[in-house]
Amino acid sequence: MNNRTIKIALAGVGSCASSFVQAVTSGRDAVIDRQPGVMYPEIGGYRLSDLECVAAFEVDANKIGCDLADALRRPPTAAVQHVHVPDTGVIVRPGPVLDGIGGRLVGVVEVDERARQATIEDVAAELRRTGAEVLVCLLPTGSVKAVQAYARACIATGTAFVNATPESVANDPDLASAFAERGIPLLGDDLRSHLGATTLHTALLDLLLGRGLAIKDTYQLNVGGNTDFLNLADPLRSATKQTSKRRALSNAGIDATDVAAGPNGYVKYLGDRKVCFLRIEAESIIGAPVSMEIRLEVEDSPNAAAVLASAVRIARVAADQGRSGVIDAVCAFLFKSPPVGMTESSGLDSFREFIAAAASHSWQDSLRAAELEIARLA
Ligand SMILES: NC(=O)c1ccc[n+]([C@@H]2O[C@H](COP(=O)([O-])OP(=O)(O)OC[C@H]3O[C@@H](n4cnc5c(N)ncnc54)[C@H](O)[C@@H]3O)[C@@H](O)[C@H]2O)c1
């Protein structure tokens with residue numbers, strides 16, 4: 001570990017965590033660091049090879065006590081194993097279960113007794129022991145109490161928080177102000193997939209609205225076969241995801257109040273593949289109709305990993321720069337439900353500006369370090 005290492009804790013060792021750790025492992029090779037899907041090989045001087053998982057929390061009896069690499073391959077994780085992850089030396093610890101397992105996950109995930117006893121203080125103690133700098137929250141949708149408990153452990157320990165779930169953390173005024181007051185960066189809520197249904201949908205709306213067309217109607221139906229989709233098949237568990245997807249469409253500039261956009265079914269045979277059926281009906285000059293139908297098929301979990309590869313480095317850059325609270329400049333591009341929403345193109349512009357500023361910051365840091373070194377040698 002060098003002083004550029006970004007120490008990461010994972011809350012939830014499921015499919016997205018598996019793809020993320022595979023991406024981090026592949027990033028150790030400087031050549032593969034330039035792999036497709038990695039938007040920026042370097043962010044503020046940090047490369048993918050600077051990421052290191054130092055802590056992991058779970059409730060699944062099948063995963064607690066295992067090396068992280070082993071736990072990430074265990075069912076019900078659906079992520080495809082593209083990259084072999086060697087043993088990490090990180091043992092998966094029990095986290096507080098709270099409302100983490102509910103609906104259709106009951107019986108699929110066997111909750112470890114130690115997770116029923118675990119507290120926020122236990123999480124905080126492990127974050128302190130390992131020196132974790134950024135916690136990535138990858139809990140199932142619908143587990144607001146558990147997600148917010150991990151956020152509180154981060155507030156207590158000064159750990160930056162990346163909320164991949166649609167549960168409110170960045171959108172919770174009390175939690176957001178606590179992160180701001182304690183000088184800790186917060187990124188959220190609800191990670192966008194790198195090239196998923198929301199991003200494709202909002203990019204197309206941006207295109208049509210930018211050319212002056214009127215959107216008459218649209219829908220975005222999604223099915224998949226991983227544990228996330230199994231969980232989302234329960235309407236009580238998927239409510240926050242539905243709201244989050246509609247919010248992303250509203251930020252794109254349409255009235256999404258009644259738009260059907262969400263998880264629309266669990267299809268076991270798809271495994272980690274997700275299929276989106278998207279339709280847009282629009283109107284051009286003198287009422288000329290335009291319509292399009294698209295079928296998008298992606299591997300779901302790596303799609304999250306590509307965004308996390310940026311989000312984690314941005315959290316650390318923000319901490320280096322003394323920024324705290326919600327990092328609005330990047331959240332609209334990286335998340336579906338940022339507190340400050342933007343259109344697809346404005347979100348991308350703002351994100352690029354942040355990356356460019358981070359690059360010049362790290363360039364100035366390097367220059368200063370070089371000058372100090374020259375002065376020391378003189
Ligand atoms: N797949 C994507 O591209 C994508 C995109 C955006 C957001 N997300 C969100 O990311 C989250 C994770 O998705 P996933 O596909 O990895 O889900 P998953 O079901 O594969 O993994 C979730 C893991 O969390 C564990 N868990 C449950 N309660 C816990 C607790 N209290 N403490 C610690 N661990 C707990 C579960 O046992 C499971 O292993 C979901 O909320 C999902 O909606 C995913």
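At what angle do the axes of helix H4 and helix H5 cross, and within what distance do they come? The model is predicted.

1. **H4 and H5: geometry.** Helix H4 covers residues 120-130, and helix H5 covers residues 144-157. Their axes cross at roughly 45° and come within 9 Å.

2. **H4 and H5: contact.** H4 contributes Ile-120, Val-123, Ala-124, Leu-127 and Arg-128. On the H5 side they meet Ala-149, Tyr-150, Arg-152, Ala-153, Cys-154, Ala-156 and Thr-157. By class, this contact holds nine nonpolar residues, one polar and two charged.

3. **H1 and H10: geometry.** Helix H1 (residues 15-26) and helix H10 (residues 300-320) have axes that come within 8 Å. They cross at roughly 60°. H1 is therefore oblique to H10, since roughly perpendicular begins at 65 degrees. The handedness of this crossing is right-handed.

4. **H1 and H10: contact.** From H1 come Ser-15, Cys-16, Ser-19, Phe-20 and Ala-23. They meet Ser-301, Pro-302, Ala-304, Ala-305, Leu-308, Ala-309 and Val-312 of H10. The classes here are nine nonpolar, three polar and no charged.

5. **Polar atoms at the ligand.** Glu-58 places a polar side-chain atom 2.4 Å from a ligand oxygen atom. For Thr-141, a polar side-chain atom lies 3.0 Å from an oxygen atom of the ligand. Ser-193 has a side-chain N or O atom 3.1 Å from a ligand oxygen.

6. **Cis bond at Pro-76.** The peptide bond from Pro-75 to Pro-76 is cis, and its omega is near 10°. Pro-76 sits in the loop between helix H2 (68-71) and strand S5 (93-94).

7. **Loop between S8 and H7.** Asp-189 lies in the loop between strand S8 (185-187) and helix H7 (197-210). Asp-190 lies in the loop between S8 and H7 too. Asp-190 is not a glycine, yet its phi is positive, about 65°.

Definitions and conventions
Residues are numbered from 1 along each chain as its sequence is written. This is a predicted model: local features need pLDDT of at least 70, side-chain atom pairs count only at pLDDT 80 or more; totals for chains, interfaces and linings use all residues. Side-chain values use heavy atoms; hydrogens and water are left out. Axes are lines fitted to C-alpha atoms, for helices over the stretch in contact, and angles run from 0 to 180 degrees between N-to-C directions. Helices (H or I, at least four residues) and strands (E, at least two) are DSSP runs, numbered from the N terminus. Contact means heavy atoms within 4.5 Å. Ala, Val, Leu, Ile, Met, Phe, Trp, Tyr, Cys and Pro count as nonpolar, Asp, Glu, Lys and Arg as charged, and the others, Gly among them, as polar. A polar contact is a pair of N or O atoms within 3.5 Å; within protein, one must be able to donate a hydrogen and the other to accept it, and residues adjacent in sequence count only if both atoms are side-chain atoms. Angles under 35 degrees count as roughly parallel, over 145 as roughly antiparallel, 65 to 115 as roughly perpendicular and the rest as oblique. A crossing is left-handed if the near helix is turned anticlockwise from the far one by less than a right angle, and right-handed if clockwise.
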